[in-house]
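Here is a quick tour for someone opening this structure for the first time. Have a look at the sequence and the model, then read on.

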Amino acid sequence: MDINNRPRIRWTLVVYDLVILALTAWILLWLMVPSKSVSATVLAKHVTLLAICVIGVRMVLKIYTLIWRFGGIQSYIRIMFCDFWAFLIYLLFARLLGLGYVPAFERISLATANLLVSMGYRMAYRYAYKCANHKTTKGRFLAFILKVFAHRDTPKDSEIKKIHVAIVGAGRLGSALAEELIRNPESVHEPVCFIDVDSQKIGRVIQDLKVLPEDTNPKLLQTDFGVQQILFAVPDMEHERRRQLVEKYTTAGFKVLQYTVPSIERADKKPVLKEFAVEDLLFRLQQIIVDEKTESYYKDKVILVTGGGGSIGSEICRQLARMQPRKIIILDIYENCTYDIQQELRLKYRDKLDISLEICSITNYDAMERVFKAYHPQIVINAAAHKHVPLMEHNCIEAIENNIFGCRNVIDLCEKYHAKRFMMVSTDKAVNPTNVMGATKRFCEMMAQSESLTGSVKYSCTRFGNVLGSAGSVIPLFKRQIAAGGPITITDKRIIRYFMTIPEASQLVLTSGAMAKNGELFVLDMGKPVKILDLAQNMIKLSGAHDIEILETGLRPGEKLYEELLIKTEELDKTDNSLIFIERDTPLAKEEIYKRLDVLKKACATNDDDAAREALRSVVPTFKRPEEVNRDVK
């Protein structure tokens, strides 16, 4: 056997067990058995045989290879199992060898007492090791016990000043967290109490820590327990209650973290301690939109995702990868982000997922045709677009050429190469647009709806609001500004926006696309709007900062004070999904679309952004000037 694979027996533990057995035998047998009924020689023989059986079976079943400072209930059941078999073997050999008479009660008492004492000092050792780092009289005493009897110093990191924490949730997860923090010498956190709402737990002690009621005054936590941080360990806490508690503790000056178990899709299943994401607290719970019917639609399909390296496009690819498509073609002009999502999916799915990467612009018709000719995609999801509102105001021609004429190329190639379905990723900014980006997206919707009248492909468009965490979105900007010490800049304190998560937006595109019959313009119920000023103030609170200034910089070109409410039930039709609606819209004839495209083409040829903007205003009737909309807002 390889020396590295040999079991490492703790011989000192063997010696301790022999000493304990001898002492137990002396105490029980010499005191309980009358001196004339059993001779000392017979007792010695029985004790020796029992010791051989107990130590032998414990060695065979590897009791002495266990690390008892981490021992759980399984370890103690294992030693009980060992001693049970050892006692049966002892009884057999005692009869075979004719060692002499010892009353059965005394023999059972000896074996039982020896087992209880063996387990007891192992539990004491485990408890001493767990608590020896505590800067209390008890902790110092336990550290002394470790040093003298276990020849083990307390962990060297014990000099590190620990952060005292209160754990919200005295359930299974909270108890596991407390145990992990207590026994881990490298942990910088030291739990000092639990906080819970269960009346059966309040006032009791778990892991040597008192359980306090949820309404405990935060000042009491600081003064009586020295709490510096709050750790949440309640995975199923109601969303609004969690938000209120986090706000309560952050307002009191505590830093708040959460202890969570990663999703089943994560390769690393270990629980993690991390800061709360703003998205988890300030917005509605993420909606799960994709169902089995949607997943079956994409199964075994060849799918092209343009803009597949972007925030939405890459998440669409992640969602699709779970649905067992025949092939995913990720197309983008930016190679770095496209490479990243390709490697992420290959690492996760390996040879179970067929992925191809194509680097080109949707404005390059010839390059796009090579892609369609090579793969003949059945489903095309067009997520490629310029989306940054202020930048597109100053680059109107580029926005028209990329968003509109690029989309036109994709539509034409879908028809030419007989794709089954075209899905257009749109935005709430296309509703009565006040900026170039929103107007270009609105015209793309008009093109797709028009094509649905005569084309062979099934068309659909999907609108959603601001996406949390996407490139250029407000939350990452606020995080950077807070990290830099402020100030936070907002364009106008009256601004409101609708938000959703990237997975929600991606699932919406896929679900609505799968249910589309032809020509639908889908919109999502996005819940309540969020005031950007409130968002900034809450993010400052969550960060633990108190002196971050909020500056108002003025509206940017093309910016609305509010986004149009997507869900106006009197103007929408319901679908089978309660979150998805269809807007009633009358498509334009194909000839009219081409006339308007010609107007845009001539305007772009002038190389004059102002002329291109006016042309865009003429072909998108709902394109309004921002001052017309904002002046009516109080």
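Predicted model: local features only at pLDDT ≥ 70, side-chain atom pairs only at ≥ 80, totals over all residues.

## Ground rules

A residue is called buried if its relative accessible area is under 20%, exposed if over 50%, and partly exposed in between, using a 1.4 Å probe and protein chains only. Residues are numbered from 1 along each chain as its sequence is written, and side-chain values use heavy atoms, with hydrogens and water left out.

Let's start with Asp17, which sits in helix H1 (residues 11-32). Helices here are DSSP runs of H or I with at least four residues, strands are runs of E with at least two, and both are numbered from the N terminus. Asp17 counts as buried because its relative accessibility is 2%. Contact means heavy atoms within 4.5 Å. Setting aside neighbours within four places in sequence, Asp17 is in contact with Ile55, Arg58, Tyr64, Asn114, Ser118, Tyr121 and Arg122.

Gly100 lies in the loop between helix H3 (73-97) and helix H4 (104-131). With a relative accessible area of 39%, Gly100 is partly exposed. Which residues does Gly100 touch, not counting those up to four places away in sequence? They are Val42 and His46. Val42 is 58 residues from Gly100 in sequence, yet their C-alpha atoms are 6.0 Å apart in space.

## Around strand S5

Strand S5 covers residues 229-232, with Gln229 and Leu231 pointing one way, Ile230 and Phe232 the other, and all of them buried. In a regular strand, side chains alternate between the two faces of the sheet.

Two strands pair if DSSP finds at least two bridges between them. S5 pairs in the parallel sense with strand S1 (residues 163-168) over four bridges, and Val168 stands opposite Phe232. Strand S6 (residues 255-260) also runs parallel to S5, joined by four bridges. There, Lys255 is the bridge partner of Gln229. To get from S5 to S6, the chain passes through helix H8 (residues 239-251) in a right-handed β-α-β crossover. Right-handed means that, with the strands pointing away from the viewer, the path from the first strand over the helix to the second runs clockwise.

## A nine-stranded sheet

Further along is an open sheet of nine strands with mixed pairing, in the order S10-S9-S8-S11-S12-S13-S18-S22-S21. Its edge strands, each pairing on one side only, are S10 (355-359) and S21 (572-574). S21 pairs with S22 (residues 580-583) in the antiparallel sense over three bridges, and Lys574 stands opposite Phe581.

Helix H19 (residues 532-543) has 12 residues. Among its residues, Ile532, Leu533, Leu535, Ala536, Met539 and Ile540 are buried. Seen down the axis of H19, the buried residues fall within an arc of 160 degrees, so they line one face of the helix. That arc is taken from the directions from the helix axis to the C-beta atoms.

Now for a few backbone details. Gly486 and Pro487 are joined by a cis peptide bond, with omega about 0 degrees. His418 is not a glycine, but its phi is positive, about 55 degrees. At 59% relative accessibility, His418 counts as exposed. Asn432 has a positive phi too, near 45 degrees, and counts as partly exposed at 23% relative accessibility.

Key: Expected span 1.5 Å × (residues − 1).
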